[in-house]
Amino acid sequence: MRFKWPKILQGVHPRQNKNTVNSAIFRLRGFDSVSIPLDMQIGSGCESLVKKGDPVEIGQKIGEPLGDWSVPVHASISGTVKSVKREILSDGTHVEYVNIESDGKETVSAEVSPPEVHDRAGFVAAVRASGLVGLGGAAFPTHIKMQPPPGKTLDTLIINAAECEPYITSDHRICLEYPEQIIKGIMLTCHYLDIPTAVIALEDNKRDLVSVLQAEIDKVKGAPDYPAQGISLRVLPTQYPTGAEKVLIRLVNDRIVPEGGLPADVGVLVQNVGTIRYIAEYFETGMPLVTKIVTIDGSAVSSPANLEVPIGAAIVEVVEKSGGCKIEAAKVIMGGPMMGVAIDDLSRPILKHNNAILMLDEKDAALPKEIACIQCGRCTRACPMLLMPTTLDMAARIQDCEKLNRYHVMNCIECGCCTYVCPSKRYLLQNIRIGKTIVRQTGKS
Amino acid sequence: MLRVSSSPHIRDNSSTQRIMLDVVLALIPMVIASVFIFGWRSLLIYVVSVAASVVFEALSRIVMKREQTINDLSAIVTGLLLAAGLPANYPIWMVVIGAFIAIVFVKQLFGGLGSNFANPAVTARIVLAVSFATETSSFSVLPQYAPQSALTAGASQLDLVTSATPLGMSAAEVPSTLDLFLGRHAGSIGEVSIIALLIGAVYLVARGVIDLWIPLVYMGTTVGLITLVGGDPLFHLLTGALVLAAFFMMTDYVTSPTTVVGKVVFAIGGALLTFLLRMYSSMPEGVSYSILLMNILNPHIERWTAHKTIGGNYGKKRRQVS
């Protein structure tokens with residue numbers, strides 16, 4: 001008999017800090033200008049369809065995809081293009097930005113109309129045309145996920161509502177406020193992609209969602225396009241990183257995504273709950289992805305909130321409009337505190353895959369001093385992928401590519417559990433990331 | 001200016017200093033028991049050993065022009081564990097030499113905390129036992145806890161009297177099981193009182209500093225093997241350095257494996273050596289030698305028992321590539 005990995009999740013339990021769980025999503029409008037990067041996804045970005053001085057309207061396509069993986073980019077406010085220029089993105093790369101100055105009218109483009117879809121190819125094309133990428137944080141293009149490699153079929157759709165990162169509640173609020181859209185998105189996806197089973201996975205700190213979502217499921221039961229094996233709810237223990245794709249598939253389906261593989265390799269399609277909701281919205285209204293629901297929180301923020309903001313709005317303006325800071329922020333994170341990216345400048349724009357903006361005060365932003373590793377093994381016990389973080393850390397420090405490969409550095413999901421638990425406060429994940437870069441540059445394992 | 005750094009941006013509130021403090025706190029019951037069983041002379045040994053360890057740690061960092069590390073409290077732990085393995089009337093200057101060997105030779109010359117290949121206290125005890133065989137194996141105890149044969153006429157009530165340890169006594173003189181458990185007999189000052197050590201061990205487990213894999217497997221295997229060849233399990237569990245080593249020395253993070261399988265292999269290996277040395281060797285210090293040998297094997301055990309990552313390809317294809 002083949003040995004099967006136990007379904008126990010190694011991981012950590014950081015303080016939840018879900019302060020905004022009762023803050024309803026507030027639509028923030030009235031931005032004087034936005035600056036929309038033409039590359040906010042995994043894969044190549046877009047080239048600009050507009051030039052300085054062009055008038056644009058909400059939903060108008062302003063970026064034409066460059067590759068098979070790219071999705072178009074749309075204007076999120078109406079007004080005039082002020083400039084199209086290359087600037088640095090929050091992840092450090094240089095991309096083209098379209099700056100739009102608002103005319104204050106918020107006119108919607110005539111291009112915007114609900115798509116008409118009859119088959120699988122049409123559905124995937126429509127999803128791509130909406131500009132949709134994975135909204136959970138990774139920005140993996142959704143239409144690519146929906147096309148499994150030849151020879152593979154998708155049999156399960158997992159809706160990721162785990163939201164295991166501290167602070168963030170945007171997915172929680174989406175489930176509470178748009179349950180019918182979520183179910184509709186699931187039905188559309190399952191129908192067109194021929195997926196018989198759908199599972200909504202959430203952590204048990206969101207038990208209030210069970211009744212809300214179950215009521216919506218009951219409403220559509222028996223409908224002609226209801227998935228053959230049904231839609232079910234799966235409540236998982238609250239633990240970080242339950243919501244990491246590979247971890248979630250193991251917990252829900254007991255399937256192991258092979259190293260370097262994708263969920264499609266084991267017949268699973270994982271969609272963030274925000275992504276699946278947006279699919280339903282797009283098929284209702286035809287409005288491309290031009291807004292994003294984000295949580296604003298952190299020790300420096302005066303009023304934590306959940307906001308729907310235009311993509312491309314400057315973070316500094318979003319924070320000011322939502323109540324501002326009570327003290328100067330020392331560190332600003334795009335995303336959650338475990339996996340988010342610390343940004344260098346508050347004028348950076350809100351991106352498609354932003355799900356939170358965290359403003360941390362001096363105390364929370366303090367960088368601990370690293371001391372010698374005492375080999376306590378806490379990182380090894382915390383790693384959800386059963387890697388050996390200290391071994392990888394040491395190998396990366398001496399750039400030992402062979403050892404990095406031998407210990408499977410590329411299977412690291414960068415969840416940060418190892419660094420979180422380290423009593424010697426070592427920057428393990430930082431070095432493991434360097435190790436992954438070394439392996440990528442030196443060639444395949 | 002905004003601060004940027006690699007994620008994660010939050011850390012838990014553990015610290016190496018706190019772990020070392022927990023070990024020191026867990027060793028306090030042992031120190032108190034020593035004073036009851038061996039008088040104030042034993043406290044002097046603890047104080048000298050800890051003070052010398054800290055001073056040598058500070059001095060060696062200064063001489064090596066490295067950042068000062070006495071704040072991590074690991075030198076205090078080493079000092080306490082070194083003293084725990086010595087007899088009550090041990091010459092003070094020898095204690096200082098022991099601390100020098102532990103801190104300077106075994107720990108700092110190899111790079112300090114985290115880089116030592118063996119447990120400093122255990123290695124120093126072995127060096128002392130080999131260098132000063134008579135002093136290191138001449139055990140004593142307060143007269144009220146010594147067997148009748150060890151008492152000489154005219155000795156005052158507060159003087160230590162020399163006595164064999166239970167492992168070296170004739171069957172008729174062996175103290176009761178309760179006395180063994182409480183530690184009322186001659187021996188190294190830290191290893192005799194099983195109850196004091198267990199109180200500390202419970203604290204360490206409750207604080208999550210150690211888990212029970214190494215101690216239970218080590219003690220279980222040792223006692224099991226001894227029983228197989230006809231030894232008394234309870235007697236062997238309660239005598240010698242077995243319990244002290246199981247909870248406080250074998251579990252030293254730096255010199256023991258990190259994975260559960262590794263810990264079990266490490267503990268079984270240590271138990272085999274302890275069994276052989278205790279039952280068939282003429283030398284004392286069986287437990288110390290077993291720990292030292294397993295410490296040396298630790299990097300290999302760690303490599304053999306490394307976790308295999310979930311979904312990792314360990315199959316044929318991989319071997320052909322490399």
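## Worked exercises on chains A and B

Helices H9(B) and H11(B) are roughly antiparallel to each other; angles under 35 degrees count as roughly parallel, over 145 as roughly antiparallel, 65 to 115 as roughly perpendicular and the rest as oblique. Helices (H or I, at least four residues) and strands (E, at least two) are DSSP runs, numbered from the N terminus.

Before you start, note that this is a predicted model: local features need pLDDT of at least 70, side-chain atom pairs count only at pLDDT 80 or more, and totals for chains, interfaces and linings use all residues. Residues are numbered from 1 along each chain as its sequence is written, while chains are lettered from A and ligands numbered from 1 in the order in which they are written.

**Exercise 1.** Find the crossing angle of H9(B) and H11(B), and the residues that meet there.

*Solution.* Step one: locate H9(B) at residues 213-228 and H11(B) at residues 242-249. Step two: their axes come within 8 Å and cross at roughly 155°. Axes are lines fitted to C-alpha atoms, for helices over the stretch in contact, and angles run from 0 to 180 degrees between N-to-C directions. Step three: the crossing is right-handed (left-handed would mean that the near helix is turned anticlockwise from the far one by less than a right angle, right-handed that it is turned clockwise). Step four: Pro215(B), Tyr218(B), Met219(B) and Thr222(B) of H9(B) meet Leu242(B), Ala246(B) and Phe247(B) of H11(B). Two residues are in contact if their C-beta atoms, placed from the backbone, lie within 7 Å. Step five: sorted by class, this contact has six nonpolar, one polar and no charged residues. Here Ala, Val, Leu, Ile, Met, Phe, Trp, Tyr, Cys and Pro count as nonpolar, Asp, Glu, Lys and Arg as charged, and the others, Gly among them, as polar.

**Exercise 2.** Now try H3(B) and H4(B): at what angle do they pack?

*Solution.* Step one: H3(B) covers residues 74-84 and H4(B) residues 92-107. Step two: they pack at about 130°, with their axes 10 Å apart, and are therefore oblique to each other. Step three: the crossing of H3(B) and H4(B) is right-handed. Step four: look at the contact, where H3(B) supplies Ala75(B), Thr78(B), Gly79(B), Leu82(B) and Ala83(B), and H4(B) supplies Val95(B), Gly98(B), Ala99(B), Ala102(B) and Ile103(B). Step five: by class, the contact of H3(B) with H4(B) has seven nonpolar, three polar and no charged residues.

**Exercise 3.** In what order do the four strands of the parallel sheet in chain A lie?

*Solution.* Step one: the order is S11-S10-S9-S12, and the sheet is open. Two strands pair if DSSP finds at least two bridges between them. Step two: S11 (231-236) and S12 (268-272) of chain A stand at the edges with a single partner strand each, so one side of each has no neighbour in the sheet. Step three: neighbouring strands of this sheet are turned by 25° against each other on average, direction ignored. Step four: S9(A), residues 156-161, is joined to S12(A) by five bridges, and Leu157(A) has Leu269(A) as its bridge partner in S12(A). H4(A), residues 179-193, lies across S9, S10 and S11 of chain A, at about 155° to S9(A), while H7(A), residues 273-285, lies across S9 and S12, at about 85° to S12(A).

**Exercise 4.** Which residue in the turn of the S7(A)-S8(A) hairpin has a positive phi?

*Solution.* Step one: S7(A), residues 79-88, runs antiparallel to S8(A), with nine bridges between them. Step two: one position to look at is Lys85(A), opposite Tyr97(A) in S8(A). Step three: five residues lie between the two strands, and Gly92(A) in the turn has a positive phi of about 100°. Step four: S8(A), residues 94-102, is also joined to S2(A), residues 33-37, by five bridges in antiparallel fashion.

**Exercise 5.** How many residues of chain A are in contact with chain B?

*Solution.* Step one: 47 residues of chain A are in contact with 32 residues of chain B. Step two: S15 (331-334), S16 (341-343), H13 (417-421) and H14 (428-442) of chain A each supply at least two residues of chain A's side. Step three: by class, that side has 30 nonpolar, eleven polar and six charged residues.
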